Amino acid sequence: MVEILDSTLREGEQTPYVNFMVDEKVEIARMLDRVGVEMIEAGDPSVSPNVFRAVKRIASLGLSAEIVAHSLATRSGIAKAAECGVARVVVFYPTSKIHLDAKMHKGEDEAVEWVCEHIRYARELGLKVRYTPEDASRTGFEFLVRACSAAIQAGADRISFADTLGALRPHETYERIRALREALPPCRIDLHCHNDYGLALANALEGIRAGADCIHTTVNGMGERAGIPDLAETILALHNLLGEEKYELTHLTELSSYLERVSGFFLAPNKPITGVNAFTHKSGVHTNGVLKDPRTYENFDPALIGRERRIVIDKYTGKRAVASRLAEYGVEVDAGELERIVEEIKRVGDERKLLHDADIVEVAERVTGRSIDIFPKELNAIVMIAVESHVYTGAVVRRLKNLKQVSNVYEITGDYDISAYVKVPNTWDLNNFIEELRAMPGVKLTDTRVVLKKHAENGG
Ligand code: HCA
Ligand code: CU
């Protein structure tokens, strides 16, 4: 049965310019546990005091996932991992000639001896051990087998085959893992595939097919350079292509958004599964197909991961999509009108970069000669309020909270002191509300912004 180790908190934090706060890490670990990943690599406690704190806290949460600490093959690193109370430590040490020569200045025999000594130390401290031969994919096969076999002998029960540079092609990963599986004594094999040629997930899937047990992922595919396989893509591939249904798919979108928010590392729109365009259809041929039967251009229903299909209306769009968009606004048109509306959309589309829904409705109005009222039944606005300097802000807040039009009130920094979220039936009522507000004692100035579109709150 395939397993997933998620390393967002370790490899993911190695993404350039990304640093998580301890509380954020705890939240991420909880969310990963809800998804159901088997292992969470929480960090290398030797990196900094806060990484140490985060690993320790995550280890104490009582999550179902096994909590793993990463460490170089040093006694102090392994001791720190044990202090954090994790179940497992990773002892990582390179095996490729280039890494041994350039970084470690060690020969092969010395390297094996060093690794085994540290694995034995970790076992003495009561830790389970995964051994990672760093740069395994560029290591001579015979030496790789020798190093891994010795590590298993010394007490490691897992080997992470690290394609540290993402240098392999899928068929090579298959062959390498196949041979490794046959050559090694019983152990679990993890696949840590970097994405330097965009082949990480393909490599990982080939590794599984060849008999490996576990795929390493990060949320949003974060990590050094081009990162490693994305958690959501991996889970959907396992679920839909390999029939592995044990993971909870509904949290993936939320987890990805949360990571974007706390990391400042944003996804490309065309990113599979979690990118904004992953379920958006544009050309007439595609939208027509999808509206007749979504299976024409969707591998699976986006609702599976809590997402929605979107259809873009512009010069590529056909009649069916335009009719369906107009129907969303309760606008019905006959066949002749529809034809002319689509023609007009193509003409307007050639002149503009973006067509908004309002433009489409305007075209429909022009073509049909009917006025179309698509304004929402409720108007939402954000009203910013500056308070007189001698007035206590809290007093104005209290008054605002008693007004039925106000749904939320915030005290804020900047030129204004208060921001209120207001819901009224129409512009007339909004105007009256603002007048009332201006007359309120203590209110010096207001600034009102009408909300055009409300998006779901980040992170649910
Ligand atoms: C690194 C180490 C590592 C380790 C992978 C693992 C790699 O280069 O920072 O422990 O499975 O890619 O080799 O991330
Ligand atoms: Cu890595």
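# A tour from Asp230 to the copper site

Start at Asp230, which is buried, with a relative accessible area of 5%. The model is predicted. Buried here means under 20% relative accessible area.

**Stop 1: around Asp230.** Asp230 sits in the loop between β8 (214–217) and α9 (231–241). What lies 2.9 Å from a polar atom of the side chain of Asp230? The backbone nitrogen of Asn220 does. Next, select the contacts of Asp230, leaving aside its neighbours within four places in sequence. Thr217, Thr218, Val219, Asn220 and Gly221 are among them. Lys271 and Thr274 also touch Asp230.

**Stop 2: the copper ion.** Select ligand 2, the copper ion. Which residues are its protein donors? They are Glu11 (OE), His192 (NE2) and His194 (NE2), lying 2.1 Å from the copper ion. Check their places in the sequence: the spacing reads E-x180-H-x1-H. His192 counts as buried because its relative accessibility is 6%, under the 20% cut-off. His194 is buried too, with a relative accessible area of 4%.

**Stop 3: ligand 1.** Stay on His192. The side chain of His192 has an N or O atom 3.1 Å from an oxygen atom of ligand 1. Pick Thr164: an N or O atom in its side chain is 2.7 Å from an oxygen atom of ligand 1. For Glu134, the corresponding side-chain distance to a ligand 1 oxygen is 3.1 Å. How much of ligand 1 does the protein bury? Taken alone, ligand 1 exposes 350 Å², and the protein buries 92% of that.

**Stop 4: helix α6.** Select residues 141–154, which form α6. This helix has 14 residues. From first C-alpha to last it reaches 20 Å, close to the 20 Å expected at 1.5 Å a residue. Which residues of α6 are buried? Phe143, Leu144, Val145, Ala147, Cys148, Ser149, Ala151, Ile152 and Ala154 are. An α-helix has 3.6 residues a turn, so residues three or four places apart point the same way. Now show the cover over the buried residues of α6. Helices α4 (97–104), α5 (108–124) and α7 (170–183) are part of it. Strands β5 (128–134) and β6 (158–163) are included as well.

**Last stop: Gly155.** Step past the end of α6 to Gly155, whose phi is positive, near 130°.

Terms used:
Residues numbered from 1 in each chain as written. Chains lettered and ligands numbered in written order. Predicted model: local features only at pLDDT ≥ 70, side-chain atom pairs only at ≥ 80, totals over all residues. Heavy atoms only, no water. Helix = DSSP H or I, 4+ residues; strand = E, 2+ residues; numbered from the N terminus. Buried < 20%, exposed > 50% of the residue type's maximum accessible area, 1.4 Å probe, protein only. Polar contact = N/O pair within 3.5 Å; in protein donor to acceptor, adjacent residues only side chain to side chain. Contact = heavy atoms within 4.5 Å. Donors = N, O, S within 2.8 Å, 3.2 Å for Na, K, Ca; no water. Expected span 1.5 Å × (residues − 1). Areas by Shrake-Rupley, 256 points an atom, 1.4 Å probe, with all protein chains shown as cover.
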